[in-house]
2 protein chains.
Amino acid sequence: MTDAPDPTVGEIGEHRILREIFAALDGSSRAIVGPGDDAAVLAAPGGRVVLTTDTLVQGPDFRLAWSGPSDLGWKSAAVNLADVAAMGARPVALLVALAMPADTRLSFVGALASGLRAACDTLAPGCAVEGGDLTISPTLTIAVTAVGVLDGVDPVLRSGARPGDVVALAGRAGRAAAGLELLFSRFRDAAGEAVAVARGTLSAAERADLDAQLRPEPPIALGAVAAAAGATAMMDVSDGLALDARRLAAASGVTLALSADALAPDPVGALEGGEDHALLATFPSAAAVPEGFRVLGVVQAPGDDALLVDGVAYTGPGGWDPYRDWDRHTG
Amino acid sequence: MTDAPDPTVGEIGEHRILREIFAALDGSSRAIVGPGDDAAVLAAPGGRVVLTTDTLVQGPDFRLAWSGPSDLGWKSAAVNLADVAAMGARPVALLVALAMPADTRLSFVGALASGLRAACDTLAPGCAVEGGDLTISPTLTIAVTAVGVLDGVDPVLRSGARPGDVVALAGRAGRAAAGLELLFSRFRDAAGEAVAVARGTLSAAERADLDAQLRPEPPIALGAVAAAAGATAMMDVSDGLALDARRLAAASGVTLALSADALAPDPVGALEGGEDHALLATFPSAAAVPEGFRVLGVVQAPGDDALLVDGVAYTGPGGWDPYRDWDRHTG
């Protein structure tokens, strides 16, 4: 034990780290049993729960020169909340498995917990961190599991789109990728290493792109809204609209026909940029599309191509595959 | 893409890795929506769910020279199933966030998935892997979230033990630590690096200790049995009986008074060895203790010490703290 004001996690016991985390989360738990026992206990009104997990790893997924601990907490919450929303569910809890190097500062852990909480409070009020796990690892890794409830509606799958449905999107497309491009083009040193972001050198539009990358704000509440409005299919756009639209089309056995105008001002950026975590959904008619979604096109009977843009097969890169692409952008 | 018979995950796309995993899990899903959509959807009969997460990290938690991929899958399932059981719940699903180096072989991933499935089938029939996430990482990391349902009973917390209750244990204590000691003392080279285990050089008892460390078999089903029998408190013994008994005593505001005879033949090993994932529980009377649990002692009104053995305060090491101890046992 040490009384240093900001010790490393390798210098102190698990108990003190938990105290720092619990201070950041204080008062946020809404579980039947929150953090501190062997497991959390949550109410599951309606008798069904939605569960998803997504991990951020230092290197492939983030650089500490670009992302502060609060950003990392925020983003690791947001990307998981989006997957819950994409099922038409309302997020109610996060579990956070945090593996970190022994030289991680206690204040870093506290700021990360604060970022998790801020994302929940902002994007999914009523959702909180209800459990987790702490481990020492050479590689900073944040594995989050998100839990949602359906409030009486049926889950909205990828497979429900039918010819004649309307295709719509809530949230941004292409902004997070523009922010990543900005980081790689403007905030690396001569050796290619990430350097701290000088926000003062950025325009307002560039800052917005950067924020879309570092602290994304997916339209979480619109997931349940879409389900209540009768969405026939829905998914989180994490790997780029083109790739994810093809996935939805394949799962549903249909073709999606989009309009380039609807993707203006940068259709290619919108189709190929990942990590915005917009919600791509189909609805039985234009009248059913709820506020917050914009119409991108229509669902057609299956053809030779799963994705058309202005009537032409879209053959651009399919988007992000962590196994194929992870070192395309390193160093 | 490659047609190599056993490519690395860095050589192939996520789709092919998922195909390997789904092949290992084939037919095991019992979810309303299993793997393949944005999130899993599970039935939560009784309207409550139990959730926990626990991570295994290469280095601090395992060495590949000692643990094969099937062992890792098994253990990462077992330790999480035990936390669900310790709430009195029945495990119904696992979510697995797997972060692995780009040079990990596809066959390794398949064997890990098979190990996860085997642990579920053996320890918690009806439970299956229902979702997950794949990421590239320099450090092999397996973060599992386990989900349980309560089947109408109330969750059993750490805080419910009352003076006069009987203390009982289901499962082993000290065996997994003996197995770890065996690995460190017998299966390292002159430089201290882990080397493959020559099982033929081990006695039957030593092999059992080794299996307790590498493929633990916590008494998962006895968690729900204890809850139904009226257990007043319960927890998973992961960090050693002494430390975890003190935690239960502190949460309940009582003293636990154990008998050394009940911990024979090696009371110190039983008190200080972690990782067996036995279930420590208290019951309102000896008559209430279900088959599979053995009585260790009684609950007393709180005194100066949270844990007594044969009436004397137990002051031995408190057990495993990953922040304090993680490199005590390295290389």
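Me: Start with A:Arg117. How exposed is A:Arg117?
Reply: Partly exposed. This is a predicted model, and in it A:Arg117 has a relative accessible area of 22%.

Me: And which residue does A:Arg117 form a salt bridge with?
Reply: A:Asp121. The closest N and O atoms of the two are 3.4 Å apart. A:Asp121 is partly exposed too, at 40% relative accessible area.

Me: How are A:Arg117 and A:Asp121 placed in the helix?
Reply: Both sit in helix α3 of chain A, residues 106-123. They are 4 residues apart, so about one helical turn separates them.

Me: Which residues are joined into a network by salt bridges that share partners?
Reply: A:Asp37, A:Asp38 and B:Arg158 form one network. B:Arg158 bridges to A:Asp37, with the closest N and O atoms 3.6 Å apart. That pair crosses between chains. B:Arg158 is in the loop between β5 and β6 of chain B, while A:Asp37 is in the loop between α1 and β1 of chain A. For A:Asp38 and B:Arg158, the closest N and O atoms are 3.3 Å apart.

Me: Are B:Arg158 and A:Asp37 buried or exposed?
Reply: Both are buried.

Me: OK, zoom out. How many salt bridges are there between chain A and chain B?
Reply: There are 4. Over all chains, the structure holds 24. Chains A and B also have 18 residue pairs in polar contact, counting pairs with both residues at pLDDT 80 or more.

Me: What about A:Arg48? Which side chain does it meet in a salt bridge?
Reply: The side chain of A:Asp154, at 3.1 Å from N to O. A:Arg48 is in strand β2 of chain A and A:Asp154 is in the loop between β5 and β6, so the pair ties together parts that are 106 residues apart in sequence.

Me: Why does A:Asp154 count as exposed and A:Arg48 as buried?
Reply: A:Asp154 counts as exposed because its relative accessibility is 56%, and exposed means over 50%. A:Arg48 counts as buried because its value is 18%, and buried means under 20%.

Me: Last one. Where is A:Asp83 found?
Reply: In helix α2 of chain A, residues 69-85. A:Asp83 is buried, at 8% relative accessible area.

Me: Which residues does A:Asp83 touch?
Reply: Leaving out residues up to four places away in sequence, A:Asp83 touches A:Thr52, A:Asp54, A:Asp236, B:Asp38 and B:Ala39.

Definitions and conventions:
Residues numbered from 1 in each chain as written. Chains lettered and ligands numbered in written order. Predicted model: local features only at pLDDT ≥ 70, side-chain atom pairs only at ≥ 80, totals over all residues. Heavy atoms only, no water. Helix = DSSP H or I, 4+ residues; strand = E, 2+ residues; numbered from the N terminus. Buried < 20%, exposed > 50% of the residue type's maximum accessible area, 1.4 Å probe, protein only. Contact = heavy atoms within 4.5 Å. Polar contact = N/O pair within 3.5 Å; in protein donor to acceptor, adjacent residues only side chain to side chain.
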